[in-house]
Amino acid sequence: MRELPGLIKIDLAEFFKQLLRYSWVLILLAMVATVAGYLISRLQTPVYQATARLLAAQPTAFSGTGINSVPTASPLDSQAYREAALSSQVLKDTLNSPQNQRTLEEFRRKLRVRTVDGRQSGIIVLNVRDNNPARAAQLANEWADALRRWDDQRVRGSFSRYRLSLETQLRSVQTDLARGSNTPERIEGLRSLQGSLLRDLDLVRALEQGATGQLSLLDVAETPIRPVAPRSLLNALLAGVLTLTFGILFMLLREVSVRTIRSSEDAAELTGLQVLGEFPKLASASRDLPREAASYLRTYVNRGLMDEAEPKIIAVTSPEAKEGKSSVSIALARAYARTGKRTLLIDLDLHRPILHSEFDIKSGPDVITVLRDPLFGMATHQLERGLSLLPCLQSVEDPSALLSQQFRPFLRRLRESGEWDTIIIDTPPVLAVTDTLVVAPQVSGMLVVVNTGSTNRRSLVVAVDNLTRIGAKVLGLAVNQLRTGEGMLVSSKGYGSYGNRPRPVPSASSTETQEQDPLRTQW
């Protein structure tokens with residue numbers, strides 16, 4: 001048996017089976033999302049993008065003719081130009097009017113700056129997006145011009161500061177020359193310095209007038225023809241792919257979160273037990289299960305009890321309530337009766353008896369009376385040819401105590417009576433009460449009923465483990481509520497489509513000759 005930590009796993013086989021089953025739903029949703037994405041994209045206002053490119057070259061240095069050297073502006077890298085292009089000063093100059101911060105932020109969201117770095121130069125790509133293609137091109141060109149003006153002003157500013165410094169020095173020299181106390185040698189030196197400052201000042205003024213920055217226009221923004229957004233086909237494709245992806249992820253998460261038995265293979269792998277019978281999911285709430293499936297269950301149960309003497313006593317249980325054990329008990333008892341076996345069906349679910357209501361029995365012999373009074377005869381209710389019922393028509397305060405004391409003598413009386421070839425006992429769920437654990441070690445074999453979609457995986461493992469620990473002979477599993485064609489056995493695939501079609505009860509002679517072994521008949 002598999003360890004309990006193994007219950008948390010992904011059943012890939014079941015996942016792909018579910019994926020294949022609901023593939024049409026996923027494809028339909030993906031198609032709807034694709035069409036919706038395309039239509040929504042077409043309804044959106046188109047956005048156009050205009051692009052202007054600037055070349056950022058290395059600056060040229062100049063030197064003065066005198067004792068002072070003419071400075072140049074410090075070169076900027078691409079990242080600095082990118083930040084400058086998005087600065088408020090450049091953006092206000094682009095819009096050519098004072099703007100508040102909110103307007104600048106809205107305009108900034110329309111802008112994209114990309115840089116391409118080289119060894120000696122770089123390229124700055126300015127992109128502007130707008131609903132109007134002409135306006136997008138206009139803004140891109142104005143933005144490029146504003147950035148170039150900012151760069152020119154930055155370079156001119158360095159020459160302007162140096163010019164002011166030279167003018168200050170020249171005024172100082174001229175003041176010294178105006179003094180009458182200077183010696184001839186000092187006057188000659190001051191005049192030489194004055195001439196040098198005048199030459200540098202003329203040069204700086206000329207450079208200041210014609211100074212330009214590192215930026216030059218490489219490409220003028222042209223009016224775009226096609227919009228860059230929305231991309232209808234791309235959005236439609238992405239919507240379809242994402243819907244399909246999320247659908248698959250949802251099914252995967254659903255598979256991970258499943259804690260119930262999904263199939264016969266799942267139950268068999270989880271418990272290590274054989275699946276002896278399978279019953280399809282019925283359209284109605286009837287307990288009348290398909291007789292062909294019950295015949296297969298009877299055959300496989302017989303193979304597990306070949307070494308057991310008659311009467312063969314089979315107890316039917318389930319991990320928890322409402323998993324179909326009573327329906328399986330009725331179907332199995334009828335399957336034995338059809339083969340000519342004298343069959344007794346006993347309702348030993350003393351907490352919630354159900355068999356008497358199924359056959360509309362309200363009075364007469366019942367199992368409580370037989371258990372309490374050893375002298376009471378084995379009177380039963382005849383249901384049909386070869387099948388009798390011992391129902392539970394009374395309530396008892398402590399069923400477990402009653403069974404602990406009286407069940408063994410009760411079985412001995414059944415065996416000694418010689419009236420029955422097969423006895424089917426409908427017992428309570430294993431995990432609900434302890435009654436089944438009292439019964440299980442004393443019968444020929446236990447049959448555990450599993451309901452796909454409702455039986456909890458952990459509950460099934462614990463129930464089978466409890467039965468094994470007390471020494472019960474667990475014959476195998478009977479899987480209930482299977483979808484048509486999903487089972488492991490021939491019965492679920494070959495006869496599942498017959499459903500719950502009513503058929504006449506065969507005579508004893510025909511039963512003997514035709515229903516001894518459905519496997520032999522099948523082949």
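Valine 450 has valine 479 of E12 as its bridge partner. This comes from a predicted model. E11 and E12 pair in the parallel sense, over six bridges.

Both strands belong to an open sheet of eight strands. The order is E5-E12-E11-E6-E10-E7-E9-E8, and the pairing is mixed. Strand E5 (275-280) and strand E8 (381-384) are the edge strands, each pairing on one side only. Neighbouring strands are turned by 25° against each other on average, direction ignored.

## Helices on this sheet

H9 lies across E5, E11 and E12. Its direction runs at about 150° to E12. Helix H11 (residues 325-338) also packs on the sheet. Among the strands that H11 touches are E6, strand E7 (343-347), strand E9 (387-390) and strand E10 (422-426). H11 makes about 170° with the direction of E10.

## Helix H16

H16 covers residues 457-469, 13 residues in total. From first C-alpha to last, H16 reaches 18 Å, close to the 18 Å expected at 1.5 Å a residue. At its start, a side-chain oxygen of asparagine 456 comes to within 2.9 Å of the backbone nitrogen of arginine 458. Just after the helix, glycine 471 takes a positive phi of about 90°.

Which residues of H16 are buried? They are Arg457, Ser459, Leu460, Val461, Ala463, Val464 and Leu467. These buried residues pack against helix H9 (264-271) and helix H15 (435-439). They also pack against strand E6 (312-317), strand E11 (445-451) and strand E12 (474-482).

## The four-stranded sheet

A second sheet is open and has four strands, in the order E2-E3-E1-E4. Its pairing is antiparallel. Strand E2 (111-117) and strand E4 (215-219) stand at the edges with a single partner strand each, so one side of each lacks a neighbour in the sheet. The twist averages 25° from one strand to the next.

Strand E1 (residues 48-57) and E4 run antiparallel, joined by four bridges. Arginine 53 stands opposite aspartate 219 in E4. Helix H3 (residues 78-85) lies across E1, E2, strand E3 (121-130) and E4. H3 runs at about 165° to E2.

## A helix crossing

Helix H4 (residues 88-95) and helix H5 (residues 101-108) have axes that come within 11 Å. The axes cross at roughly 85°. H4 and H5 are therefore roughly perpendicular to each other. On the H4 side, Ser88, Leu91, Lys92, Thr94 and Leu95 make the contact. H5 contributes Gln101, Leu104, Phe107 and Arg108.

Note on methods. Residues are numbered from 1 along each chain as its sequence is written. This is a predicted model: local features need pLDDT of at least 70, side-chain atom pairs count only at pLDDT 80 or more; totals for chains, interfaces and linings use all residues. Side-chain values use heavy atoms; hydrogens and water are left out. Helices (H or I, at least four residues) and strands (E, at least two) are DSSP runs, numbered from the N terminus. The expected span of a helix is 1.5 Å times one less than its number of residues. Buried means under 20% relative accessible area, exposed over 50%, partly exposed in between (1.4 Å probe, protein chains only). Contact means heavy atoms within 4.5 Å. A polar contact is a pair of N or O atoms within 3.5 Å; within protein, one must be able to donate a hydrogen and the other to accept it, and residues adjacent in sequence count only if both atoms are side-chain atoms. Two strands pair if DSSP finds at least two bridges between them. Axes are lines fitted to C-alpha atoms, for helices over the stretch in contact, and angles run from 0 to 180 degrees between N-to-C directions. Angles under 35 degrees count as roughly parallel, over 145 as roughly antiparallel, 65 to 115 as roughly perpendicular and the rest as oblique.
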